[in-house]
Each structure stands twice: as C-alpha cells, then as structure tokens.
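Student: I would like to go through this model step by step. Please keep to what can be read from the coordinates and the record.

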Amino acid sequence: MGRDVASVGVLLLALVVQVTVVNRLPLPGGAAPDLVLLTVVGYALARGATAGAVMGFCAGLAGDVLPPAAHVLGQYTLVLCLIGFAAGRVADSRPDARLPAALACAAAGPPALAVTSLLLGDAQIGGEALVATLPWEVGYNLLAAPPTVWLVMRIARGPRERELRPVGHLVRRRA
C-alpha cells in the first residue's frame, strides 16, 4: 500500500514538473522529454502489466485534463495505458529485458501519440511539425529514460530486505 501511495506521489510530481518546468525549457528542436510517460514505464516494469495499464490510464487522464492540454480528450490516456501495459507485459514475461523494454517504450511513446493524433483528426499535427520535432522527442526520451525509469522502479518496488549471506569465503582457513 505504501509503495502505491509513493508511486502516485511520484506520478503527480512528474505531471507538475512536466508542465511547469520541462515543457518550458528552451531545448533544441522545440521538444522535451516526456517524464509522465517514463514514470508510467518505470512503474509498469516494477509492478506488472495490469498495474502499468491502470497507472497509464490514470496518468493519461490527468495529463489530458491538466491545463495546457490542447489535444483530443482521451488521446494521452489511450497511449499511456497501452504503453504501460506493454512495458508491464515485457517485465512479466522477461524480467531480464527491462532496460531494452524501457528504451523501446520511451522511443515508442512520441510516435504513438502522433499516430493517435492523426487517427483522431487533430488539426495541430502536420507533416512538417511531425518531421521536425518527432526525432527530437524520441531522442530526449531515450536520454531521460534510464535515470527516470530506474528511480521510479526503485520507489515502486519499495525497500528491499537485505539477504544475509555467509562470509566464510572471506575468511582464510588455517590448515
């Protein structure tokens, strides 16, 4: 229960930091990393497919209604729900592939949002804007993914109990 409350707190913090700080940074390419997407991916990798889909849905819904949202309601919800499910599914089936899954989901987020915008008829998405900003968004997500996903996974897992191992191999035996 405590892990989930901490994870929701991290998600709310990511939403606020994304809107107030990251989106306003004057980065090259006019794009910025998507901290909310990376938070959902980290949570899904730590907790599994169902939890990732639920967290993605909640994060997307909050992102859809948070004020500078200028897109179709539910678009961000759909994408984050699917990405959270996919990341959690990979973590459930192949726990050793978490880093590649995190990077793949970080790279898949911006194109998935663009495709969803095109399918829903968003007038703001144009071919020139897509070609100019999409590679920058993917690149920023890939750069921000390892530290962000690691931190969220650490928080979502909670404190681990240390395993006590015998230290007999450290002590020389006298013959």
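This is a predicted model: local features need pLDDT of at least 70, side-chain atom pairs count only at pLDDT 80 or more; totals for chains, interfaces and linings use all residues.

Student: Which residues does the UniProt record annotate as "transmembrane region"?
Tutor: The entry is unreviewed; UniProt positions are given in the numbering used here, feature names are shortened, and annotations may be inferred rather than shown by experiment. One of the annotated spans, residues 140-156, is 100% helix in the model, with end C-alpha atoms 23 Å apart. The annotation covers residues 69-87, 99-120 and 140-156.

Student: How many helices are there in the protein?
Tutor: The pattern along the sequence is α-α-α-α-α-α. There are 0 strands, and the number of helices is 6.

Student: Are H1 and H2 roughly parallel or antiparallel to each other?
Tutor: H1 (residues 2-20) and H2 (residues 35-47) pack with axes 8 Å apart, at an angle of about 165°. Axes are lines fitted to C-alpha atoms, for helices over the stretch in contact, and angles run from 0 to 180 degrees between N-to-C directions. Angles over 145 degrees count as roughly antiparallel, under 35 as roughly parallel, 65 to 115 as roughly perpendicular and the rest as oblique. H1 and H2 are therefore roughly antiparallel.

Student: Which residues of H2 meet H1?
Tutor: Contact means heavy atoms within 4.5 Å. On the H1 side, the residues include Arg3, Asp4, Leu11 and Gln18. Their partners in H2 are Leu35, Val36, Thr39, Tyr43 and Arg47.

Student: Is Leu38 buried or exposed?
Tutor: Leu38 lies in helix H2. Buried means under 20% relative accessible area, exposed over 50%, and partly exposed in between (1.4 Å probe, protein chains only). With a relative accessible area of 0%, Leu38 is buried.

Student: What separates the C-alpha atoms of Leu38 and Ala144?
Tutor: Leaving aside neighbours within four places in sequence, Leu38 is in contact with Ala106, Asn141, Ala144, Ala145, Thr148 and Val149. Leu38 and Ala144 are 106 residues apart along the chain, and their C-alpha atoms are separated by 8.0 Å.

Technical notes: Residues are numbered from 1 along each chain as its sequence is written. Side-chain values use heavy atoms; hydrogens and water are left out. Helices (H or I, at least four residues) and strands (E, at least two) are DSSP runs, numbered from the N terminus.
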